[in-house]
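Hello,

I am handing over the structure we talked about. Please open it first, then read my notes below.

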Amino acid sequence: RIRDSRIRAMVDYAYRNVPYYHSTMKERGLSPSDIRMKDDLRKLPTITKSTILQDPQAFISRQIPLENCIELRSSGSCYGTVLAIPYDRNAILTHVGASQRWNYLMNRLLKRPLLVRQVYITVPGHNFQRIAELCSEMRLSRLLREFKFLSVRDPPQVNAARMKDFNPHLLSSYGSYLELLVRHAELTNVRWEFPKVAVFSTDTLKPQITRMLRENYGCQVFGLYGAAEALGIGFECEAHRGYHVCEDYYPVDLVSENGDSVGEGESGEVVVSNLINRAMVILNYRLGDIAVRGEDMCECERHLPMLSRLDGRTDDVISLPDGRLVGPSLIIAIFDSRSDIGPYQLVQEGLDRFELSLVPLRGNVEQIEVELTRDLQSLLGEEALIR
């Protein structure tokens, strides 16, 4: 009931204030009264990142001053192109409220009802860091978490030393970087005091790494599922049977290749709608992720619908000749920090051989090639052959 009420409110708002939805509904002979519940969203077209990139302004509301918004950025890992998404402050506050669903769970496991020290290892300037900074400005962050942000650009041994000084209760990072931490600990026989809870997102964590964290280090592991376009799609509970979908904020449909909804136990592409952000309205958005629809009930007794598994875009760790492991987030960071290139693709053809394809947007092509080769070799090794 709450979800459908928010759908009606957002569709009415989009029709009145967002050029894309006003013109699209007019073309289809629709009015806001024609979309009353989740199934009615199918009357609107599905969109993708490329749809928005063709004309981003068409999705931005006329009612929200952009100077009052916080800009979040989607990853360029799929299309090689970053999408800037303005969020109004009320949307961020609503998301912080929704996040208490999983924060409460973790606080209960930590037996800490109030302040939790949390380390987040991410690309500097990541969306979560920007949200935390906004919450700090609004004097909310210390009510929820005390954060320390570390960089995935630093090797595991460096960040492990920094975490020791901070003594966090909770560690959050990409699944691939958590794997690097665990593998480094195992290879060097360094017995770290891992935090009691670890959270992974953005990319997946291999089951064997999850088992190692739980069995070797007594660390409970949870997955979060979200995107810049829809911040808190789902979360893993203590039963570890999949992801509970925050259906009242970010309703999800799983569709087959022909666009039909899939049934329980079947896989489909994730189509999500953001019902809280009025600065840039995004409805019926194809994320490009593949997931499996789960059972409606979970032994934890939460009543949110479930995704039993996320199957798509499982980034893997790059293995190098000297035995080092490099997470894909480090590669993505090199490209996302530049504004002079468009779509890109890096293919590992062998342990030390890589092919880079990209679209230069401006500047000297030879200079771009020199700089990217230098940056990639500093990460992958001077012996790396980059064509």
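Where is glutamate 349 found? Glutamate 349 lies in strand β16. One thing before going on: this is a predicted model.

**Around glutamate 349**

Glutamate 349 counts as partly exposed, because its relative accessibility is 36%. Set aside its neighbours within four places in sequence. Glutamate 349 is then in contact with Phe354, Glu355 and Arg387. Leucine 385 is 36 residues away from glutamate 349 along the chain. The C-alpha atoms of these two residues are separated by 10.0 Å.

**The sheet**

Strand β16 belongs to an open sheet of three strands. The order is β16-β17-β18, and the pairing is mixed. Strands β16 (341-350) and β18 (385-386) stand at the edges. Each has a single partner strand, so one side of each is left without a neighbour in the sheet.

Strand β17 covers residues 353-360. Two bridges join β17 to β18, and these two strands run parallel. Which residue of β18 is the bridge partner of phenylalanine 354? That partner is isoleucine 386. Helix α12, residues 365-380, packs on the sheet. The helix touches β16, β17 and β18. Its direction makes about 140 degrees with that of β17.

Arginine 387 forms a salt bridge with glutamate 355. Their closest N and O atoms are 2.1 Å apart. The pair links distant parts of the chain. Arginine 387 sits in the segment after β18, and glutamate 355 sits in strand β17. They are 32 residues apart. Is arginine 387 buried or exposed? Arginine 387 is exposed, with a relative accessible area of 59%. Glutamate 355 is partly exposed, with a relative accessible area of 25%. Both residues are also among the contacts of glutamate 349.

**Salt bridges elsewhere**

How many salt bridges does a search of the whole structure find? The search finds 19. Some of them form a network that links Arg3, Asp4, Lys38 and Glu247.

Take arginine 3. Its side chain meets that of aspartate 4 in a salt bridge, at 2.9 Å from N to O. Arginine 3 also forms a salt bridge with glutamate 247. There the closest N and O atoms are 3.0 Å apart.

Arginine 3 is partly exposed, with a relative accessible area of 23%. Aspartate 4 is buried, at 14%. Glutamate 247 is buried as well, at 9%.

**Positive phi angles**

Asparagine 167 has a positive phi of about 55 degrees, although it is not a glycine. Its place is in the loop between α8 (156-166) and β5 (170-174). Asparagine 167 counts as partly exposed, because its relative accessibility is 49%; the cut-off for exposed is over 50%.

Asparagine 284 also has a positive phi of about 55 degrees without being a glycine. This residue is in the loop between β11 (267-272) and β12 (285-293). Is asparagine 284 buried or exposed? Asparagine 284 is buried, with a relative accessible area of 7%.

**One more loop**

Glutamate 301 is found in the loop between β12 and β13 (306-310). Glutamate 301 counts as exposed, because its relative accessibility is 60%. Alanine 239 is 62 residues away from glutamate 301 along the chain. Their C-alpha atoms are separated by 9.9 Å.

**Where to look**

Start with glutamate 349 in strand β16. Move to the pair of arginine 387 and glutamate 355. Then go to the network of Arg3, Asp4, Lys38 and Glu247.

Best regards

Key
Residues numbered from 1 in each chain as written. Predicted model: local features only at pLDDT ≥ 70, side-chain atom pairs only at ≥ 80, totals over all residues. Heavy atoms only, no water. Pairing = 2+ DSSP bridges. Helix = DSSP H or I, 4+ residues; strand = E, 2+ residues; numbered from the N terminus. Contact = heavy atoms within 4.5 Å. Axes fitted to C-alpha atoms, helices over the stretch in contact; angles between N-to-C directions. Buried < 20%, exposed > 50% of the residue type's maximum accessible area, 1.4 Å probe, protein only. Salt bridge = Lys/Arg side-chain N within 4 Å of Asp/Glu carboxyl O.
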